[in-house]
Amino acid sequence: MADLCLGTVQFGMNYGVNNQIGRQPTQEESFGMIEYALQNGIKCIDTARAYGTAELVLGAYIEQNGIPKDVSLISKLRPNVVEEGEKDVCGVVRRECEDTLRRLHIDKLNGYLLHTPEYIYQKEIVDGMVKLKEEGLVENIGVSIYDIKEGEYALQTGVVDYIQLPYSILDQRGMRTGFIPKAKKSGIKIFTRSAFLQGLILMDKAKIPAHLSEAIPMIEKYESLVQKYEEDEVRSLIHFVADESEIDYLVFGVEEKQQLEQNIKKFHEKKMPAELMKEIKKEITNLEQNIIFPSLWSNGKKAE
């Protein structure tokens, strides 16, 4: 069963199509959520330079309160930071990582990921990441992907330790393609995100934007299956991911402490019935990229 990893994107920006509080949490609220997570067994925190002020908020918490040694901290290389024609790529990667370490008030990251998936194809950037590991600034390197092909290439490099990818009832590509089991067999630690698809799956259907309306029939199918087995929707969304043995961490974000408390509680409740898991996998098919890739939501256009 996967462990929980607290995502911090909401601590740094107003994020999510179904944001419950309609704003970014205050620093005090964020501190309270970090504290609660650590007190309730969460041993992994995921952040990124691209998440607005998230690194700074997490770093301020660490500076004030410290962080247990057994808690893994993961961040990501700023997207599109390496400009075309850059002569010192390794230097850029190193400076970015050092800036993150300073923001977080730590000496070493457990994991540092490429936030721009396409960077996995650029040997100089990957070499820069490897050097960070050799110099002891990070313990593990990896990539945050959207397309499975990026993950397949990451496996071919032979240097990646961590891969983060979306996985949910509406986006089962990681298992259906066999990629997650294959990566796991290669010794990769698997982090999945978007179990709630930014809250879309739990959203009042009357409020779902028109360009995401293709998701509604699948969401309704999910709801009917959950009702059939008299299960809880939130718990089922969590356990659909967490009950997969090949997934190491379920990365999830929250806007308020109540959500955090609920998610941790649901995580520790019973597993999903095997029959329900089987039916969801059979009945709910993958949707088009314009639905499962939040990066395409703003314009409502389909992916090329």
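These are my notebook entries on a predicted model.

**Ground rules**

I number residues from 1 along each chain as its sequence is written. The model is predicted, so I require pLDDT of at least 70 for local features and 80 or more for side-chain atom pairs, while totals for chains, interfaces and linings use all residues, and side-chain values use heavy atoms, without hydrogens and water.

**Helix α10**

I began with α10, residues 233-242. Helices and strands here are DSSP runs (H or I, at least four residues, for helices; E, at least two, for strands), numbered from the N terminus. Is α10 enclosed or open? It is largely enclosed by the rest of the structure, because 9 of its 10 residues are buried. Buried means under 20% relative accessible area, exposed means over 50%, and partly exposed is in between (1.4 Å probe, protein chains only). I listed the buried residues: V234, R235, S236, L237, I238, H239, F240, V241 and A242. They pack against β7, α9, β8 (249-253), α11 (257-268) and α12 (274-283). Contact means heavy atoms within 4.5 Å.

Two packed helices are described by the angle between their axes and the distance between the axes. Axes are lines fitted to C-alpha atoms, for helices over the stretch in contact, and angles run from 0 to 180 degrees between N-to-C directions.

I took α9 with α10 to start. Their axes lie 10 Å apart, at an angle of about 105 degrees. That makes α9 roughly perpendicular to α10. The classes are: under 35 degrees roughly parallel, over 145 roughly antiparallel, 65 to 115 roughly perpendicular, and the rest oblique. On the α9 side I found Y222, E223 and V226; they meet E233, S236 and L237 of α10. By class, this contact has 3 nonpolar, 1 polar and 2 charged residues. Ala, Val, Leu, Ile, Met, Phe, Trp, Tyr, Cys and Pro count as nonpolar, Asp, Glu, Lys and Arg as charged, and the others, Gly among them, as polar.

Next came α12. I read an angle of about 85 degrees between α10 and α12, with the axes 11 Å apart. That makes α10 roughly perpendicular to α12. S236, H239 and F240 of α10 meet L276, M277, I280 and K281 of α12. The contact of α10 with α12 divides into 4 nonpolar, 2 polar and 1 charged.

**Cavity and pocket**

How many cavities of 30 Å³ or more does the whole structure hold? I found 1. On a 1 Å grid over the protein atoms alone, a cavity is a set of points where a 1.4 Å probe fits but cannot get out; a pocket is an open set with protein on both sides within 12 Å along at least five of seven lines; lining residues have an atom within 4 Å of a point. Grid points are joined across faces, edges and corners, and a volume is the space filled by probe spheres set on the points.

The largest cavity has a volume of about 40 Å³. Its lining is L114, I120, V126, M129, I141, G142 and V160. α5 (123-134) and β5 (138-144) each give at least two of the lining residues. I counted 6 nonpolar, 1 polar and no charged residues there.

The second largest pocket holds about 260 Å³. It has 14 lining residues, and I67, K69, V71, I106 and K108 are the closest to its centre. β3 and β4 (109-114) are the elements that give two or more residues to this lining. Its classes are 7 nonpolar, 3 polar and 4 charged.

**Single residues**

I looked up S75 in strand β3. S75 is buried, at 0% relative accessible area. Leaving aside neighbours within four places in sequence, its contacts are T47, A48, R49, E55, T100, L109, G111, Y112 and L113.

Y167 sits in the loop between β6 (162-166) and α7 (173-176). Is Y167 buried or exposed? Y167 is buried, at 0% relative accessibility. I292 is 125 residues away along the chain, yet the C-alpha atoms of Y167 and I292 are separated by 9.5 Å.

I ended on backbone angles. Most residues other than glycine have a negative phi. N80 has a positive phi, near 55 degrees. N80 lies in the loop between β3 (72-77) and α4 (89-104), and counts as exposed at 60% relative accessibility. Q198 also has a positive phi, of about 55 degrees. I placed Q198 in the loop between β7 (189-193) and α9 (216-228).
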